[in-house]
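Subject: Structure handover

Hi,

Please find the structure below.

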Amino acid sequence: MKHYFLMLFALIAIQLQAQNQFDLSYYLTQNSSYNTNIPTPESVLGHKIGEWHVTHDKLVEYMKVIASASDRISIEDRGKTFEGRPIVLLTITSPENHKKIDALKEAHFNLTEVNKSNSLAVEEMPLVVYQGFSIHGNEPSGANASLVLAYYLAAVQGNEIETLLKNTIILLDPSLNPDGLQRFAYWANTNKSDFLNVDSNDREFHEVWPGGRTNHYWFDLNRDWLPVQLPESKARIETFRSWMPNILTDHHEMGSNSTFFFQPGVQSRVHPLTPIENQQLTKEIGNYHAKAFDKIGSLYYTEENYDDFYYGKGSTYPDVNGAVGILFEQGSSRGHAQQTENGVLTFPFTIKNQFTAALSTLEAAENMRVSLLNYQRNFFKNVSKENSKKPIKAIVFGDEKDVAKTVHLAEILKRHKIEIYKPKADFTSNGVNFKKESSFMVPTNQKNSRLLQAMFEKRTTFQDSLFYDISAWTFPLAFNVNYAELKNTSEIGDLVTNLKLKEGKVSNKSTYAYVMEWQEYYAPKALNLLLQKGIRAKVGMKPFLVDGKSYDYGTILIPVQNQQLNINDLFSFLNEVAENCHLNIDGVTTGLTEGIDLGSNHFELINKQKVALLVGNGISSYDAGEIWHLFDQRYRMNITKLDVDYLNRVDLAEYTTIIVSNISGKINENFNKKLQDWVQKGGVLIGFENAVKLFADSKLINLEFITPKVTAKNISFEEKNDFFGGQVIGGAIFETILDRSHPINFGYSNTTLAMFRTNKIFIKPDESSFNNPIKYSNNPLLSGYISKTNLDALKNTVPFQVKRNGNGRVVVFTDNTNFRGFWFGTNKLLMNAVFFAKTM
């Protein structure tokens, strides 16, 4: 009974404390006066900060209201998310600065231009600070803190704020992930108890799959700063490149039993292209955070766990662009109040810490303004000096058979304001032909050359063997384009100002047949359109030459006769497909060829596909989302998302193909039997990464694996985690050898292919060589980190296998062919498995 009353009193105390924490005064600095004409968050939201999780629509509503009420704030809508939510940005500075904001922006940008920066007096220039919140939607204390920050900057009065705003331009991005924030707010609010329950087992703290961390397609937006594939990323990179801020802060959350982290991170894991002075400035800024947190009594730590290696994160991207990126990680309440190792962690407390870090950043920015502006100017001066000494003067990349993929790589460079050019004419480098119309050239002597180097370099030696994220991301390998480093710029032609995809067309009307090459990126989209229209199409299993043109493995044949469309309608529809898919379709006059004739049995019929994707508990939402995005956004193909919770009730006979992305756990025994029966009746089952082991364990496919053994010798207990961490393949790139005649490799012109790997699933090759169409080479490491033990195990293994199972096929990939939406170079492997599995 005594224990019961103690618990009851503790809960009542929590409720009273929470009520006090909801007051705006809990967050704001003491002894300050506030402009009563500025609306408080509560007056617009209808609830106090921290009382409920703010939804994105209410957050935007408040930001619009406060921008209208304050001459210190302007607001802009920079685009829409996939779910149609606005991607807003607040610009906060003094009224005087707002009146000349365009001139200030131009002057600040000129600080990064070597031929203009010397004439600028940095002592008289404001600093630019980009403050971004909650890029992971279920880390909401940042977005909720942005409400307090906006109110404070608009309403607080006195000389101190006036001086700050005179010397600082603040770009406030209140929600870096609108869709994820909305999703999580709904979860937390609908599971909140009126009498707060702090039991960590409560449903409030265990959101359902896929959770609110990601965007609409379940992408981690904090890995997309470099690939820039998503609308939220495109908006913020455009803001970054147009303003070139001096400091960028990225407000996150971590495990509930943690305290608060701010950078610098682990010093041995900083990317070598990041200047040492960057880390010195980061540490100096960190002293302001420490002072602020000491003042309010909040625990914190620094220089542990997190690193500054992968430039695709928000806190690291600025470091290669003359700015200082700072990561904040707050222990998460995951709801409104939760019991943790450090006591009851309330949502208002997490908001207060984020607000405190935002203010300490601005204090550091003001006091370090001149040194940060000088650092930015000197960064680009040093880059210019480095450029003049580099032996490599230009990079050329291209793929004459896949122009779309090449253009999409060029688009990424353009988004980062890296200058690209067309070649003057066709030319050859290192035995590779680069066509003017399908290639691009990038001079290394330009402002953003350090970023260019980071995107194109291959790196295999590292100071540390531990990585918070991936260790390699070489873009030309990711896109599988031919590229070469040049020692002169003699081949560079005109600057590219506008990029556009190829204008597809049908060469001529035919009364006999049409053929479509399979190399172009959007060829699967075109084939799907044909099949959905009911047009009969076949795939060529061997090369041939007709009407004076050579066609490779995988060419699609569309006969004219016996189609649902007449000759004229077929020609018209094929023109629509060619234009929509940015590729060429050729009309041919004869079926007599050099090689297989067009009536040959070496042309296999392709059936219309209905594809399903397993989603739900146990499935990696990242991997599943990448596949969903690929089908929906790139290829405009329907893919049915089947949740594991109701699989047993689904009639699998409706589907030709089922895809299982990276999965943990086991398949339900009943469903496994159902899946086995479906495959044997003709279904195609495709599995990635951990699904490979799962299929093997479930007897769906017969595979043998290599398991490397690692023994810890002379490793202390303290070194244990680092030892095992060094055996992780966190993300590296490896060379494979292709058998181009196998249908899984249709559309690939070269005999090698770079593949991205994040696991230690090593499949032994089949005893029959023709069953190993993709095989790791004997020296496979192209870029990234892998331990010697794992590298030795990986050599000559296979990342792909396909086996017959009754009338169906089971297809497995050990590697993710769709990694983060920018690994364009291996997307076609999945599409080949979808369309051509029955020919394998």
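A pocket here is an open set of points on a 1 Å grid over the protein atoms alone, where a 1.4 Å probe fits, with protein on both sides within 12 Å along at least five of seven lines; lining residues have an atom within 4 Å of a point. Grid points are joined across faces, edges and corners, and a volume is the space filled by probe spheres set on the points.

This is a predicted model: local features need pLDDT of at least 70, side-chain atom pairs count only at pLDDT 80 or more, and totals for chains, interfaces and linings use all residues. Residues are numbered from 1 along each chain as its sequence is written, and side-chain values use heavy atoms, without hydrogens and water.

The second largest pocket has a volume of about 550 Å³. Its lining has 29 residues, with Tyr-622, Gly-730, Thr-758, Phe-819 and Arg-820 nearest the centre. Helix H19 (residues 621-634) gives the most, three residues. Helices are DSSP runs (H or I, at least four residues), numbered from the N terminus.

The largest pocket has a volume of about 800 Å³. Of its 28 lining residues, Thr-29, Tyr-152, Glu-160, Lys-295 and Leu-359 are the closest to the centre. H12 supplies the largest share of that lining, nine residues.

Last, helix H15 (residues 449-456). Among the buried residues are Arg-450, Met-455 and Phe-456.

Best wishes

Key
Buried < 20%, exposed > 50% of the residue type's maximum accessible area, 1.4 Å probe, protein only. Helix = DSSP H or I, 4+ residues; strand = E, 2+ residues; numbered from the N terminus.
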